[in-house]
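Please keep the sequence and the structure in view while reading.

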Amino acid sequence: MSAVRERLAMSRPKEGAAGQTGSWRVFKPVVDREKCNACGLCAMYCPDASIDEELIVDLRFCKGCGICANECPKKAIEMVREEK
Amino acid sequence: MLKCTSACAGCSDSLALRYVLKAAGPDTVMVVPACCTSVIQGIYPNTAFNVPVYNIAFGAAAACASGMSNAFRAAGKKTNVIVYAGDGGTLDIGIQAMSGAFERGTDFLYICYDNEAYGNTGMQRSGGTPMGAKTTTTPTGKTDAKKDIDAIIAAHDPPYMATACAAYPQDIFKKVQKALTFRGPTFIHILAPCPPGWRYPTEKSVEMGKLAVKSGMWVLYEREYGKVTIGPQSKAAMKKPLPLEEYLSPQGRFKGIDTKVVEILKQRIAKNYQRLAADEEASA
């Protein structure tokens with residue numbers, strides 16, 4: 001028995017650990033920049049942290065749940081059906 | 001926590017978890033028993049968690065954390081040990097290990113996120129399911145009341161315990177930070193609305209959490225060395241409660257609920273409010 005195995009079966013932290021979950025999406029969020037007052041509530045409530053500090057939605061990972069559109073106080077986010 | 005977990009769209013557990021990990025910082029070890037969180041880590045060889053995670057059997061999470069915490073303290077490290085368990089792993093299966101760890105005074109934080117059923121196996125009834133809710137094993141609605149785990153924990157007299165709701169992330173952040181400053185066992189109970197299980201559209205996760213607090217189905221409070229403080233959100237709800245029907249009607253699991261059951265739920269809410277208000281007054 002060697003003291004330490006060289007290659008340990010271990011998961012390592014990585015973005016996109018579940019693949020590109022953006023493909024799950026049916027409706028995608030579209031931000032109306034004129035209505036947006038940059039309050040940041042959408043980024044705060046996004047379960048997948050797909051909205052960054054500049055409030056840009058990362059469509060690779062956004063699952064299209066629509067919480068951002070529902071919680072936006074200015075109603076600046078609209079959920080639009082994904083075209084494939 | 002990194003972007004992209006394999007959680008369902010609109011999962012409020014991953015929302016709560018983000019803020020728990022943000023508050024805990026990098027010097028943290030997680031112990032996760034079988035629950036949704038052990039699924040949302042992602043697929044080997046990648047994980048969405050940026051901290052070490054120990055996946056363990058349902059009934060052993062608190063016992064494992066107990067040993068871990070003791071080992072860290074013996075080595076002179078201040079690493080936070082956090083158990084992140086679901087309601088099944090806390091209220092039903094993990095309760096004896098948890099009770100033991102609280103009795104021994106282990107220095108750790110136990111977080112129970114409560115989606116009120118066994119989520120990842122297909123929404124079977126758990127001890128946390130409220131009365132009248134339909135699950136796959138109670139198709140006509142549960143006939144028994146929700147187990148009051150907070151009272152059970154309070155009986156262990158931990159230095160700090162709190163309830164939180166995934167719809168108030170800043171509140172979770174504050175409570176986790178506060179809990180980690182205490183030496184000894186601490187407990188946070190987070191309500192995590194579950195879109196597929198509660199049968200409501202995914203965009204309403206946060207709204208549903210807020211409705212739960214506003215209607216009184218969920219009360220936010222802290223208990224610090226026996227001193228109860230009711231949160232401002234729940235204080236407002238106590239003064240001006242939202243009708244319970246507004247919380248029940250958007251959820252598919254309460255569809256066709258008996259009016260008698262609604263009455264019982266309302267009575268329980270009133271009783272719970274009274275008890276907590278009395279506790280707060282007595283400890284002030």
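The structure is a predicted model. In it, 26 residues of chain A are in contact with 30 residues of chain B. Chain B also holds an open sheet of eight strands.

**The contact between chain A and chain B**

- On the side of chain A that touches chain B, the elements giving two or more residues are β1 (12-13), α1 (41-45) and α2 (67-71) of chain A.
- The greatest contribution to this side comes from α2(A), which gives four residues.
- By class, the residues on this side of chain A are 12 nonpolar, seven polar and seven charged.
- Strand pairing also links the chains, for two bridges join β1(A) to strand β2 (residues 46-47) of chain B, and these strands run parallel.
- Within β2(B), Thr47(B) is the residue that stands opposite Pro13(A).

**The sheet of chain B**

- The order of the eight strands in the open sheet of chain B is β3-β1-β4-β5-β7-β6-β8-β9, and their pairing is mixed.
- At the edges are β3 (53-56) and β9 (227-230) of chain B, each of which pairs on one side only.
- From one strand to the next, the twist averages 15 degrees.
- Strand β4 (residues 80-86) of chain B runs parallel to strand β5 (residues 109-114) of chain B, and five bridges join the two.
- Opposite Val83(B) stands Tyr110(B), a residue of β5(B).
- Helix α1 (residues 12-24) of chain B packs on this sheet, where it touches β1 (28-33), β4, β5 and β7 (186-191) of chain B.
- The direction of α1(B) makes about 170 degrees with that of β4(B).

**Two helices of chain B**

- Helix α3 (residues 61-74) and helix α5 (residues 95-104) of chain B pack with their axes 7 Å apart, at an angle of about 30 degrees.
- Angles under 35 degrees count as roughly parallel, and α3(B) and α5(B) are therefore roughly parallel to each other.
- From α3(B), the residues that take part in this contact are Ala61(B), Ala62(B), Ala63(B), Ala65(B) and Ser66(B).
- They meet Ala97(B), Met98(B), Gly100(B), Ala101(B) and Arg104(B) of α5(B).
- Sorted by class, the contact of α3(B) with α5(B) has seven nonpolar, two polar and one charged residues.

Notes: Residues are numbered from 1 along each chain as its sequence is written. Chains are lettered from A and ligands numbered from 1 in the order in which they are written. This is a predicted model: local features need pLDDT of at least 70, side-chain atom pairs count only at pLDDT 80 or more; totals for chains, interfaces and linings use all residues. Two residues are in contact if their C-beta atoms, placed from the backbone, lie within 7 Å. Ala, Val, Leu, Ile, Met, Phe, Trp, Tyr, Cys and Pro count as nonpolar, Asp, Glu, Lys and Arg as charged, and the others, Gly among them, as polar. Two strands pair if DSSP finds at least two bridges between them. Axes are lines fitted to C-alpha atoms, for helices over the stretch in contact, and angles run from 0 to 180 degrees between N-to-C directions. Angles under 35 degrees count as roughly parallel, over 145 as roughly antiparallel, 65 to 115 as roughly perpendicular and the rest as oblique.
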